[in-house]
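Subject: Structure for your files

Hello,

Here is the structure I said I would pass on. My notes on it follow below.

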Amino acid sequence: HDIGKMNNPLFFTENQLNGNNPLEKLTYLEASTKIIAHVSDGVEIAKKHNLPKIVIDFIKTHHGEGHAKYFYIKYLQENPDAKISDTAFRYQGPSPRTKEQAILMMADAVEAASRSMKEYTEESIKNLVDTIIDGQINEGLLRYAKITFIDVETVKQVFKEKLITIHHTRIEYPKNNN
């Protein structure tokens, strides 16, 4: 779903080295545009390589019509009186239509947000998952998906369990002085 990131890999934190982030040299709107482009770039790459329509649909819907939130919120914080349409910071979608597309959207957002957590406690992970997915629901990003509230609760529970397992604390092993 993220193959479009290949066109500009250094714009994405998972590919940045030594804390060098080229987005910091751009305005929030310019940075948002660069990040949002990974979807249309991904569609273009998928079509070029004759990937099936179902795969292209997953690429198109994995952010739905949501905001490039970080840049949108930062822009609003620094420009509280500015008059700008929020569409400038929105992905073009469409929003997910299937249960599987909705789950991908939820998983992608939760995984990305979990990377920026400062502490990994059971409570912080549970709160993160609830906040991200409830936010997607409240924004209407899942309104067209064929997914039930029971499905959403199941997905949330699985994400919480998996993230807690991934980020569990380990005991420090003693040093062997031999």
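**Overall picture**

Residues 24 or more positions apart account for 71% of the contacts in the protein with a separation of 6 or more, contact meaning heavy atoms within 4.5 Å. Please keep in mind that this is a predicted model, in which local features need pLDDT of at least 70 and side-chain atom pairs count only at pLDDT 80 or more, while totals for chains, interfaces and linings use all residues. Residues are numbered from 1 along each chain as its sequence is written, and side-chain values use heavy atoms, with hydrogens and water left out.

The protein has 6 helices and 0 strands, giving the pattern α-α-α-α-α-α along the sequence. Helices (H or I, at least four residues) and strands (E, at least two) are DSSP runs, numbered from the N terminus. The C-alpha trace spans about 60 × 40 × 40 Å along its principal axes.

Of the 178 residues, 36% count as buried. Buried is under 20% relative accessible area, exposed is over 50%, and partly exposed is in between, with a 1.4 Å probe and protein chains only. The accessible surface comes to about 11700 Å², and 55% of that belongs to carbon and sulfur atoms; the areas come from the Shrake-Rupley method with a 1.4 Å probe, and for residues only the protein chains shown count as cover.

There are 23 positive and 24 negative side chains, and the centres of the two sets lie 4 Å apart. Lys and Arg count as positive and Asp and Glu as negative, with His and the chain ends not counted; each charge is placed at NZ of Lys, CZ of Arg, CG of Asp or CD of Glu.

Helix H5 covers residues 122-138, and at 1.5 Å a residue its 17 residues should span 24 Å, which agrees with the 24 Å between its end C-alpha atoms. The expected span is 1.5 Å times one less than the number of residues. The buried residues of H5 are Ser124, Ile125, Leu128, Val129, Ile133, Gly135 and Gln136. Seen down the axis of H5, these buried residues fall within an arc of 155°, so they line one face of the helix; the arc is that of the directions from the helix axis to the C-beta atoms. Glu123, Thr131 and Asn138 are exposed on the other side of H5. The cover over the buried residues of H5 includes helix H4 (99-115) and helix H6 (149-166).

Val129 lies in H5 and is buried, with a relative accessible area of 0%. Not counting residues up to four places away in sequence, Val129 touches Val110, Lys156, Phe159, Lys160 and Leu163. Val129 and Lys156 are 27 residues apart in sequence, with their C-alpha atoms 6.4 Å apart in space.

For H6, 18 residues at 1.5 Å each should span 26 Å, and the end C-alpha atoms are 26 Å apart, which agrees. The buried residues of H6 are Val152, Val155, Lys156, Phe159, Lys160 and Leu163. They cover an arc of only 135° around the axis, which puts them on the same side of H6. Ile150, Lys162 and Thr165 are exposed on the other side of H6. The buried residues of H6 pack against H4 and H5.

Just after H5, Gly140 takes a positive phi of about 80°. Leu142, in the loop between H5 and H6, counts as buried at 8% relative accessibility. Leaving aside neighbours within four places in sequence, Leu142 is in contact with Pro96, Ala102, Met105, Met106, Gln136 and Ile137.

Lys5 sits in the segment before helix H1 (28-48). Lys5 is buried, with a relative accessible area of 14%, and, leaving aside neighbours within four places in sequence, is in contact with Phe12, Glu14 and His38.

Two backbone points remain. Most residues other than glycine have a negative phi, and most peptide bonds are trans. Asn50 is not a glycine but has a positive phi of about 55°. Asn50 lies in the loop between H1 and helix H2 (53-61) and is exposed, with a relative accessible area of 68%. The peptide bond from Gly93 to Pro94 is cis, with omega near 10°, and Pro94 is found in the loop between helix H3 (69-78) and H4.

Regards
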